[in-house]
Amino acid sequence: MSLPQIVLIPGLLNDADLWRDQITGLADIARPRVADITRGSSLGALAEMVLATSEDRFALAGFSLGGIVAQEILRRAPERVTHLALLDTTMLPDTPERAAEREELISQASKPGRFHGFGRKLAQSYLAPENRDNADMINRVRAMTRRLGPDVFIRQTRIARPDSRASLTGITCPTLLLCGNHDQLTPPELHRSMASLIPSADLVVLEHSGHLTPLEEPENVTDHLKRLLQRHPVRK
């Protein structure tokens with residue numbers, strides 16, 4: 001009997017390297033596949049691309065923007081998802097202030113010159129205090145942003161973030177909500193609110209992480225994904 005598929009969805013300006021440690025760590029109990037969300041221009045288009053390239057039944061893990069895509073997948077095809085993990089993400093729409101920030105970021109990325117997708121200022125807000133001078137982590141993120149470039153950044157930044165609170169209450173598959181204790185972008189309070197809406201959710205807050213949990217605490221993320229996959233799925 002073949003191992004189950006788990007589809008891993010990266011976040012904004014992330015590629016498969018975000019999940020590098022989980023791909024290796026999960027290989028004994030699942031078949032990891034990293035989804036590509038760099039090409040579509042709407043949330044629905046991204047969700048349909050993931051569905052079109054996945055097996056009939058699969059486990060699903062989404063990080064940050066990937067978690068928003070994962071929620072859209074659950075709205076469209078809940079019967080196909082056996083297990084769900086939402087990492088460092090949100091179910092809320094952008095506030096007017098956040099929407100304005102995104103427009104400013106798009107404006108900056110559209111200017112000629114070298115694209116700086118992950119400068120020191122962003123590292124301060126994305127990483128836990130103990131990781132902000134970790135050159136390996138910073139260089140790994142910078143390498144992803146360089147590979148994907150400004151066009152992908154602009155396209156992903158323009159994707160509308162919907163209010164998903166109502167749909168979370170209908171999620172019935174085993175679910176993991178995981179974030180870093182120092183996550184400034186999608187803080188623990190937000191994940192506690194999500195957990196209160198999903199009947200089958202377990203909440204995990206990692207002490208030594210900011211927003212980038214798969215990189216900052218890779219072994220812990222892998223262990224919690226393994227525990228999720230060991231929970232019995234709901235028959236549909």
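Predicted model: local features only at pLDDT ≥ 70, side-chain atom pairs only at ≥ 80, totals over all residues.
**First stop: helix 2 and helix 3**

Select residues 43-52, which form helix 2, together with helix 3, residues 65-76. The axes of helix 2 and helix 3 lie 9 Å apart, and the two pack at an angle of about 75°. Helix 2 and helix 3 are therefore roughly perpendicular to each other, since angles of 65 to 115 degrees fall in that class.

Next, display the side of helix 2 that takes part in the contact: Leu 43, Gly 44, Leu 46, Ala 47, Glu 48, Val 50 and Leu 51. Facing them from helix 3 are Ile 68, Val 69, Glu 72, Ile 73, Arg 75 and Arg 76. Coloured by class, this contact shows eight nonpolar, four charged and one polar residue.

**Second stop: helix 4 and helix 6**

Now select residues 96-109 for helix 4 and residues 135-157 for helix 6. Their axes come within 10 Å and cross at roughly 160°. That angle makes helix 4 roughly antiparallel to helix 6, the cut-off for this class being over 145 degrees. The crossing is left-handed.

On helix 4, show Arg 102, Leu 105, Ile 106 and Ala 109; on helix 6, show Pro 150, Phe 153, Ile 154 and Thr 157. These residues make the contact, and they divide into six nonpolar, one polar and one charged.

Which residues of its lining are closest to its centre? Select Arg 98, Arg 102, Leu 105, Tyr 126 and Leu 185, out of 45 lining residues. Arg 102 and Leu 105 also belong to the contact of helix 4 with helix 6.

Helix 4 gives the most, with six residues. By class, the lining comprises 20 nonpolar, 17 polar and eight charged residues.

Methods: Residues numbered from 1 in each chain as written. Heavy atoms only, no water. Axes fitted to C-alpha atoms, helices over the stretch in contact; angles between N-to-C directions. Helix = DSSP H or I, 4+ residues; strand = E, 2+ residues; numbered from the N terminus. Parallel < 35°, antiparallel > 145°, perpendicular 65-115°, else oblique. Left-handed = near helix turned anticlockwise from the far one by under 90°. Contact = heavy atoms within 4.5 Å. Nonpolar A, V, L, I, M, F, W, Y, C, P; charged D, E, K, R; others polar. 1 Å grid on protein atoms, 1.4 Å probe; cavity = no way out; pocket = protein on both sides within 12 Å on 5 of 7 lines; lining within 4 Å.
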